[in-house]
Amino acid sequence: MCSLTCTNIQILEEHVDLHLEEQNFSEGGNMRDLELAQQLQTEEDERQRSEEEKREREEFKKLQRQYGLDNSGGFKQQFLKNMEREVDRGRMQPFEYHKRKADMMESLASGIDDGRTKTSGVIEALCKYYQSENKDVRRVWLSAGVDHFHSSLGDRGWGCGYRNFQMLLSSLLQNSFYNDCLRDTTLIPSIPKIQSMIEDAWREGFDPHGASHFNNRLHGSKAWIGACEIYSLLTSLRIKCQIIDFHKPTGPMGTHPRLFEWILHYYSADNEGGAKVVCTSKPPIYLQHQGHSRTVVGIEEKKNKSLCLLLFDPGCSSQQMQKLLKQNSDGSGLRLLQKFVGNLKEKQYQIVAVDGVLSLEEKAVSISQKTVSVCENLRPFASLLSMLMHIWLHGEFFASFHFP
């Protein structure tokens, strides 16, 4: 134990005992140090886990607010709140507030849109413009007549899907071919009414997985809707349509030329001929990407063979759209609508295109088969939570439903 030399056995024993006591104390201290270190690490792990759970809850609440699923009210509550803010800021007089509130309540009671955000006649103005314009457009195909609807105080920030449905429906209502399907929908419904119509479609059995993501409830919320909800609603009205997912870019620099080619074929397939301007009977197309949706109302083919979509955006105001009714000869106002291949570079796009009328039998089949197979592929999420967490973690709104 040490180099000490002892001549007395008793002294030797005492000295050895001291060495043993010192060794036992040292070993016990090491054990206590290890236990303390383990305890500190456990406490640190628990603290980090608690902070991570807190961050996840906060991010989840942000996503709920972003996608209108935080139980903060719907169209009516937002409309009133925004009008009150306008009055407080001096942008709206109290008498106008009460007048618009009364109009809004009447619209909600009737289920009919008040038409305040509607602009009519743009397609007709475009047709007239293209007839005389001949600079760089080889041919142009336009959809059937369609009214433009933009977001209002009640749906700003979340209502684009509903507004695009109103645009599509405005075109179908002008086409006698769809009279039988739409005999119960002769006027453009308000956004809360559209929410109730989608809930009715869910109750019929359309897209049960999609319905579960919204807890089977849209009315009274600010929930965003997308291509699956539009598809289910149209199909429930016996309007035949197809939903197609362009799940990845098909051109350089993240572009989607196949999307443009599909839309060109949609408008031109039954409208061949030599006319430069083709005003078709085709309804407009619902176009969705992550975070926004628009309505395709036509497509240009330039003299250099490049393609350019013509889009109605719910984010454009009536004032902006009114300018298109007085189109300048230089066509500068068209820039509001034009989107070239290089302008659409989102990771993924979906379209919903109307393709005729369903019989009652075909509708019944679509409930049990088609809607399920289509929307299961487009929505692999098992619950609303997993959907939102998937968006948060991966930044993706759509699954892969491949372009045929």
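Modeller: A pocket is found on a 1 Å grid over the protein atoms alone, as an open set of points with protein on both sides within 12 Å along at least five of seven lines; where a 1.4 Å probe fits but cannot get out, the set is a cavity instead. Lining residues have an atom within 4 Å of a point. Grid points are joined across faces, edges and corners, and the volume is the space filled by probe spheres set on the points. On that basis the largest pocket has a volume of about 420 Å³. This is a predicted model, in which local features need pLDDT of at least 70 and side-chain atom pairs count only at pLDDT 80 or more, while totals for chains, interfaces and linings use all residues. Residues are numbered from 1 along each chain as its sequence is written, and side-chain values use heavy atoms, with hydrogens and water left out.

Colleague: What makes up the lining of the largest pocket?

Modeller: It is lined by 21 residues, and Cys181, Asp184, Thr185, Met197 and Leu237 lie nearest its centre. The elements giving two or more residues are α6, α8 (227-236) and α11 (360-378), and α6 gives the most, with 5 residues. Helices here are DSSP runs of H or I with at least four residues, strands are runs of E with at least two, and both are numbered from the N terminus.

Colleague: How is the lining of the largest pocket divided by class?

Modeller: Ala, Val, Leu, Ile, Met, Phe, Trp, Tyr, Cys and Pro count as nonpolar, Asp, Glu, Lys and Arg as charged, and the others, Gly among them, as polar. The lining then divides into 9 nonpolar, 4 polar and 8 charged residues.

Colleague: And what lines the second largest pocket?

Modeller: That pocket holds about 240 Å³ of space and is lined by 19 residues, with Phe79, Asp114, Arg116, Thr117 and Ser152 nearest its centre. At least two lining residues come from each of α2, α3 and α6, and α3 gives the most, with 4 residues. The classes are 7 nonpolar, 6 polar and 6 charged.

Colleague: How do you know that the span of α2 agrees with its length?

Modeller: The expected span of a helix is 1.5 Å times one less than its number of residues. Helix α2 (residues 75-88) has 14 residues and should therefore span 20 Å; its end C-alpha atoms are 20 Å apart, which agrees. After α2 comes Gly90, with a positive phi near 80 degrees.

Colleague: Why is Ser171 called buried?

Modeller: Buried means under 20% relative accessible area, exposed over 50%, and partly exposed in between, using a 1.4 Å probe and protein chains only. Ser171 has a relative accessible area of 3%, so Ser171 is buried. Ser171 lies in helix α5. Contact means heavy atoms within 4.5 Å, and, leaving aside neighbours within four places in sequence, Ser171 is in contact with Ala144, Gly145, Val146, Pro283 and Pro284.

Colleague: Why is Arg138 called partly exposed?

Modeller: Arg138 has 39% relative accessibility and therefore counts as partly exposed. Arg138 sits in strand β2 (residues 137-142). Not counting residues up to four places away in sequence, Arg138 touches Lys276, Glu301, Lys302, Lys303 and Lys305. Arg138 and Glu300 are 162 residues apart in sequence, yet 7.7 Å apart in space, C-alpha to C-alpha.

Colleague: Why does Lys305 count as exposed?

Modeller: Its relative accessibility is 54%, so Lys305 counts as exposed. Lys305 is in the loop between β7 (292-302) and β8 (307-312) and has a positive phi of about 80 degrees although it is not a glycine.

Colleague: Why does Met253 count as exposed?

Modeller: Met253 has 68% relative accessibility and so counts as exposed. Met253 lies in the loop between β4 (239-246) and α9 (257-268), and has a positive phi of about 60 degrees, although Met253 is not a glycine.

Colleague: What makes α8 mostly covered?

Modeller: Of its 10 residues, 10 are buried; among them are Cys228, Glu229 and Tyr231. Just after α8, Arg238 takes a positive phi of about 70 degrees.

Colleague: What share of the protein is buried?

Modeller: Buried residues make up 47% of the 404 residues.
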